[in-house]
Amino acid sequence: MEVYYKKKAILAYLVHKKYVRTYDRRYWVHPFTDSRLLRGEFYTTFSDIRENPEKFFTYFRMSVRSFDELATKVSPKLISQDTCMRLSIPPLEMIAVTLRYLGSGCDQIDLHLTYRIGHSTIGKILRRVCGVIWEVLRSETFPELKEEQWRDIADGFQNYSQFPNCLGAIDGKHVRIRKPKMSGSLFYNYKNYFSIVLLGIVDVNYKFIYIDVGAFGKESDSTIFEKTNFYKALENNTLNIPKSRPLPGTNINMPYTFIGDEAFSLSSNIMRPYSGKVLSHKKRVFNYRLSRARRHVESGFGIMSNKWKIFHKPINANLDLAIQVVKTCCLLHNYVRVRDGINIQDVMSVTGFVDAEQDGGTTSTTNQYIQTRNKLADYFVSDVGSVHWQNNYI
């Protein structure tokens, strides 16, 4: 009995020590962060850099006008209450910290040292601001498309890439992350590092139509795509996709499709290249024409990764924050693309991304889909559908 009470007393002490007992703090506010209003980067730099639009764009990855519009939309949800103990961090400073983190790829400790905000507070700011940006701007940057908007996208691919009835280019990329706790090898990919997969569909203007973020790094493009809500809506015909229309200059009806690489399965709404190394002239022309249109998704990833340099190294954050960061960058990519355009240098490389693993898609492809692809291939080598330079690139 005595041993029992001793064990009970020890357990009570340990519980008290861990959950109840408080320790004297060395500082209520550390002297380094207490000087934020005088020496913090936001208060010493923001006003000056704002007067130089070019430097402002380099620092925040968007124009002054776009920054002001963003701040106007999200600031009301970021306002905090001042207390008798300390002043709250204003929304404008929180937005500046977040954009600097996403745009420079610096660590949270770097922001702590330059903005003189507590390290743990930096993490809370990033989580809060990214969440608010996604909540406020999601419907604007990823709207539900109507039939007329889908046709406009298809017209864009026809005009710029000479690929008819294309609604978007789809691809998946690995985003490097810190190993999530208790995850085993789920996020360990074929490139031998931990990652989540960003699956994106891009239009001819390099804007994301749809994204899916957070799939295990070990999964392939086709597996991830077939688990998405977008794919389910595509299969159920609830995406407002218009009915088939004739190929330009012909009376041959062709359905609207999304285009992808060999990782995706050929289906009624997905067009992929011919596989194999020894192909006929017609098939090689088709693969070139499809690749020429599919380059828009590669360029879209390149523009985003070169602007938001958080992708240039593993995201050192918890899994939920890493997913939120990737989603926010995709949203801001669309947001800035509409307002500020792009620089041609941004599309020259895809730094920070690696293609998701390919498994070739499912092998069961109906003859109907094969015939549809063959008709399109015939069109590309016909007098009406060919382009004069295509034979130079096959």
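I211 is placed in strand β3, strands (E, at least two residues) and helices (H or I, at least four) being DSSP runs numbered from the N terminus. The structure is a predicted model, in which local features need pLDDT of at least 70 and side-chain atom pairs count only at pLDDT 80 or more, whereas totals for chains, interfaces and linings use all residues. Residues are numbered from 1 along each chain as its sequence is written, and side-chain values use heavy atoms, with hydrogens and water left out.

With a relative accessible area of 12%, I211 is buried (under 20%; exposed is over 50% and partly exposed in between, with a 1.4 Å probe and protein chains only). The C-alpha atoms of I211 and F142 are separated by 9.0 Å, although the two residues are 69 apart along the chain.

F142 is also one of the residues nearest the centre of the second largest pocket, together with R138, I209, Y210 and F230; the lining comprises 20 residues. A pocket is an open set of points on a 1 Å grid over the protein atoms alone, with protein on both sides within 12 Å along at least five of seven lines, and lining residues have an atom within 4 Å of a point. Strand β3 (208-216), α9 (119-141) and α12 (229-235) each supply at least two lining residues, and the largest share, five residues, comes from β3. The space in this pocket is about 500 Å³, the volume being that filled by probe spheres set on grid points joined across faces, edges and corners.

Salt bridges (a side-chain nitrogen of Lys or Arg within 4 Å of a carboxyl oxygen of Asp or Glu) number 19. In the pair K73 and E140, the closest N and O atoms are 2.8 Å apart. K73 lies in helix α6 (residues 64-74) and E140 in helix α9, so this pair ties together parts 67 residues apart in sequence. Both residues count as partly exposed, K73 at 29% relative accessibility and E140 at 35%.

R294 forms a salt bridge with E298, with a closest N and O separation of 3.6 Å. The two residues lie in helix α13, four residues apart, about one turn of the helix, and both are buried. Salt bridges that share partners join R294 and E298 with D171, K173 and D261 into one network.

Conventions
On a 1 Å grid over the protein atoms alone, a cavity is a set of points where a 1.4 Å probe fits but cannot get out, and a pocket is an open set with protein on both sides within 12 Å along at least five of seven lines; lining residues have an atom within 4 Å of a point.
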